[in-house]
Amino acid sequence: RRSSDLSLPIKPANSKLTVSALLQNGEILKHKIIIKELHPNLLKITALDSIDAKINLNASYNKTDGLQYHGSFEDAFIKKSMIVASSPHIRWHGNKLKTNIDSEIFFHNNRGIIQGEIDNIFKPYRTIKADVNFVDANPKALLKQLDGKILLHLKMSGAVFSPTIDYSVSADNLLAYDNEFSNLDLTGNIYFDKISFDLNKAYWQNNLITGNGIYNYKSGLTANLQSNDFTYNYDDFSLSGNVQNTLKYHKAFTSDMKIDNLKLSHSKFTLNDLSFTANMENSIIKAKLEKGSKDLDLDFNYDVKSDTLLAKLKLRKFDLNRYFDRIDLPSITGNLELSKFAENLIIDSHVRIYDKSFGKLDGIIATAAKINLKTKDIDFNFITNKTNFNYEPFSIEINAIGKLDSLRTSKFIVNDEIFLDAWFNTNDRLNYGIKVSANDLKLNN
């Protein structure tokens, strides 16, 4: 029977390794290993990108109790993909069957507590069960567009270095991309480099938003969001409808939005039975607004990068009375087109107005305008065709040129017999003038 003790100083200077053993006939009856503040120059775990820590270990063995140990990782630093975590101490203790873990952990300066156990730590297939809780954590360090206090719970299970992680996030208030959300409830799953989520609820301006999605470090984000009976109010304007939006982000952002049962309201008019679709990909936005009755159709295309715009409005027997709660307004059929490229804004319209026998304007009206947004120059044209007013033939032709704040007519003719010269400017206040001349003008009553 022989007993021996071995104590060796190791680097750094305050590190120490102590080994003691009791042998009998070549059999180890008991042994003990003590490691104090061992700081390896290179510590590797295959499943992690990097790990650094000081190691403390006190392990003993005897034939009665078997292997028993306790220890800690001190000043630990762990990095895995975009996840960076640190801990002043990760404590553990156990035997050959089970290892218990109790640790304080910091994830991007947010403090959490981890408690769990590892089964069969000395076998090739090790499994883990652990709970991690963060209280009043701020996600801003992870994503700068987020700000607020959240409650985060992680539940880990499975293989030690590739566990499945179920998580839940809740927050009373969260600021995301300059929008405030309340009563947030989010659950999901993390496995390898894939994160899935279910947005069980979140409220934005009293609108319930739900959805789901998946994030992969390689393929990016895909998310589906919806809100039924969504409402938005701004001054006298309100919008309501059922909203669906699919968002994708991988090197570039894309969005596909659809709003059904859309209703637009103002203090003076109401448009309902609308549908709206919008797509944003790279720098291009495409949108379409149309009515179920097909009397209104709007197409909108805008390139953010080149700052070019094309919008087309089609009206087909669009009855103004239906939307303004009147009976004496006309119906309109025609097209209006607005385009912008470089420094020029161009407006072109051609519409047919149906008076419905109220003695008001009835006929064809065409307008065209070209505006230089840099110099503020404007060239405006207005002309009627086959038009009546007060049941009498009526025509107007106007051409005006100048600046946006100072305009003068070069041609202003009414019924081919009245000639006007008109101008206005907005120097300090609105100023205007009109000069009228006519040949063989007939006056009745």
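This is a predicted model: local features need pLDDT of at least 70, side-chain atom pairs count only at pLDDT 80 or more; totals for chains, interfaces and linings use all residues.

Biologist: Why is Y177 called exposed?

Modeller: The cut-off for exposed is over 50% relative accessible area. Y177 has 52% relative accessibility, so Y177 counts as exposed. You will find Y177 in the loop between β12 (162-176) and β13 (179-191).

Biologist: Which residues form a nonpolar patch with Y177?

Modeller: L142 and L143 do, and the three together have about 290 Å² of accessible area.

Biologist: What makes F181 partly exposed?

Modeller: F181 has a relative accessible area of 22%, so the label is partly exposed. F181 sits in strand β13. Beyond four places in sequence, its contacts include L174, A202, W204 and I209. F181 and P163 are 18 residues apart in sequence, with 31 Å between their C-alpha atoms.

Biologist: How do you know that K98 and E117 form a salt bridge?

Modeller: The test asks for a side-chain nitrogen of Lys or Arg within 4 Å of a carboxyl oxygen of Asp or Glu. For K98 and E117 the closest N and O atoms are 3.1 Å apart, so the pair passes that test. This pair links distant parts of the chain, with K98 in strand β7 and E117 in strand β8 (residues 110-119), 19 residues apart. K98 is partly exposed, because its relative accessible area is 31%. E117 is also partly exposed, because its value is 23%.

Biologist: What makes K411 and E397 a salt bridge?

Modeller: Their N to O distance is 3.3 Å, and the limit is 4 Å, so the label applies. A search of the whole structure finds 17 salt bridges.

Biologist: What makes β5 and β6 a pair of strands?

Modeller: Two strands pair if there are at least two bridges between them. Strand β5 (residues 66-80) and strand β6 (residues 83-95) are joined by 12 bridges and run antiparallel, so they pair by that rule. A85 has F107 as its bridge partner in β7. β6 and β7 form a hairpin, with two residues between them.

Biologist: How do you know that β2 and β3 pair?

Modeller: Nine bridges join strand β2 (residues 15-24) to strand β3 (residues 27-38), and the two run antiparallel. The rule asks for at least two, so these strands pair. K16 stands opposite K36 in β3.

Biologist: Which residues have the most contacts inside the largest nonpolar core?

Modeller: Y167, V169, L184, L262 and F318 do, in a core of 53 residues. Apart from it lies another core of six residues, among them I396, I398, F412 and A422.

Definitions and conventions
Residues are numbered from 1 along each chain as its sequence is written. Side-chain values use heavy atoms; hydrogens and water are left out. A nonpolar core is a set of buried Ala, Val, Leu, Ile, Met, Phe, Trp, Tyr and Cys residues joined through side-chain atoms within 4.5 Å. Buried means under 20% relative accessible area, exposed over 50%, partly exposed in between (1.4 Å probe, protein chains only). Helices (H or I, at least four residues) and strands (E, at least two) are DSSP runs, numbered from the N terminus. Patches are made of residues with over 30% relative accessible area and no salt bridge: like charges are joined within 9 Å, nonpolar side chains (Val, Leu, Ile, Met, Phe, Trp, Tyr) within 5 Å. Accessible areas come from the Shrake-Rupley method with a 1.4 Å probe; for residues, only the protein chains shown count as cover. Contact means heavy atoms within 4.5 Å.
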